[in-house]
Amino acid sequence: MPHPQIAIAASWSRALRQATSSLGGEITPKDVTDLRDALTSLVWAEGCPRAASFFSDAQAPRYRRQLIAAASDRSYTILLIAWPPGYVTPLHDHADLWGIELVLDGALQVDEFFSDGDAQQPELQPHRSLMLGSGDAAVFIDPAYVHRCRNLSAHQPALSLHVYGGELDRYQSFVEVSDNLYRIAQQQAVLDAVSI
């Protein structure tokens with residue numbers, strides 16, 4: 001039985017389209033910060049999706065990515081990501097894309113690193129750990145940015161909105177082989193549902 005596609009309220013969808021209407025073309029770091037600020041208000045807007053609506057009572061919860069908007073020129077994509085209780089991603093990059101990760105429901109921990117760019121065995125330098133609750137966002141612009149995300153609750157799912165400066169269909173994950181040295185694995189990003 002497939003997982004249900006999340007229903008997105010028309011009023012919230014309109015507010016999201018309005019907040020992202022300036023996307024496309026060349027984006028500056030200030031544009032990304034301004035977009036994050038505009039998106040933050042959506043968390044408290046009528047019809048904002050909630051984590052529980054992403055999971056069926058009949059199935060074990062699993063990590064899910066649902067595309068909700070994309071530019072025809074592939075200059076941006078917008079996803080909802082559902083996080084089962086306690087779920088942790090591997091360390092990963094974003095294929096040189098800028099991005100915003102906004103928590104809509106629940107709480108996520110984001111551990112941030114920067115890679116030295118070595119294609120064979122990169123060294124990752126820890127940057128910081130962010131604790132993000134509803135309305136909080138992580139922003140990344142630097143191509144050397146790598147992070148790991150964790151749903152902080154052992155019992156409740158979480159839901160986040162992700163905006164990427166392009167199509168995130170591939171990325172690299174990082175597996176530690178020794179102190180701060182990692183092996184890179186090429187990954188394909190998989191979508192669970194499309195609602196555009």
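Strand β10 gives the most to the lining of the second largest pocket, with four residues. That pocket has a volume of about 230 Å³. The largest pocket holds about 310 Å³ of space. This is a predicted model, in which local features need pLDDT of at least 70, side-chain atom pairs count only at pLDDT 80 or more, and totals for chains, interfaces and linings use all residues. Residues are numbered from 1 along each chain as its sequence is written, and side-chain values use heavy atoms, with hydrogens and water left out.

**Terms for the spaces**

- Pockets and cavities are found on a 1 Å grid over the protein atoms alone. A pocket is an open set of points with protein on both sides within 12 Å along at least five of seven lines. A cavity is a set of points where a 1.4 Å probe fits but cannot get out. Lining residues have an atom within 4 Å of a point.
- Grid points are joined across faces, edges and corners, and a volume is the space filled by probe spheres set on the points.
- Strands are DSSP runs (E, at least two residues), numbered from the N terminus.

**Second largest pocket**

- The second largest pocket is lined by 16 residues, and the closest to its centre are D93, D96, P143, Q172 and F174.
- Strands β8, β10 (170–178) and β11 (181–188) each supply at least two residues of this lining.
- The lining of the second largest pocket divides into eight nonpolar, four polar and four charged residues. Here Ala, Val, Leu, Ile, Met, Phe, Trp, Tyr, Cys and Pro count as nonpolar, Asp, Glu, Lys and Arg as charged, and the others, Gly among them, as polar.

**Largest pocket**

- About 310 Å³ of space lies in the largest pocket. Its lining has 21 residues, with Y63, R65, T89, H92 and Y171 the closest to the centre.
- Strands β2 (77–83), β8 (145–151) and β9 (158–164) each supply at least two residues of the lining of the largest pocket.
- Eleven nonpolar, six polar and four charged residues make up the lining of the largest pocket.

**Cavity**

- The count comes to one cavity of 30 Å³ or more. The largest cavity holds about 40 Å³ of space.
- The largest cavity is lined by D93, H94, A95, D96, L97, F140, D142, P143 and Y145.
- By class, five residues of the lining of the largest cavity are nonpolar, one is polar and three are charged.

**Salt bridges**

- The whole structure has five salt bridges (a side-chain nitrogen of Lys or Arg within 4 Å of a carboxyl oxygen of Asp or Glu).
- Accessibility sorts residues into buried (under 20% relative accessible area), exposed (over 50%) and partly exposed (in between), with a 1.4 Å probe and protein chains only.
- R36 and D37 meet through their side chains in a salt bridge of 3.0 Å, N to O. R36 is partly exposed at 25%. D37 is also partly exposed, at 43%.
- R74 and E167 form a salt bridge, with the closest N and O atoms 2.8 Å apart. R74 lies in the loop between β1 (64–70) and β2, and E167 in the loop between β9 and β10, so the pair ties together parts that are 93 residues apart in sequence. R74 counts as exposed at 56%. E167 counts as partly exposed at 34%.
- R128 and E112 meet in a salt bridge of 2.5 Å, N to O. R128 lies in strand β6 (residues 124–133) and E112 in strand β5 (residues 107–115), so this pair ties together parts that are 16 residues apart in sequence. R128 is partly exposed at 43%. E112 is buried at 2%.

**H147**

- H147 sits in strand β8. H147 is buried, at 1% relative accessibility.
- A polar contact of 2.9 Å joins the side chains of H147 and Y145. Such a contact is a pair of N or O atoms within 3.5 Å; within protein, one must be able to donate a hydrogen and the other to accept it, and residues adjacent in sequence count only if both atoms are side-chain atoms.
- Leaving out residues up to four places away in sequence, H147 touches P90, L91, H92, H94, E101, V110, D111, E112 and F140 (heavy atoms within 4.5 Å).

**D118**

- D118 is placed in the loop between β5 and β6. D118 is partly exposed at 34%.
- D118 and L42 are 76 residues apart in sequence and 39 Å apart in space, C-alpha to C-alpha.
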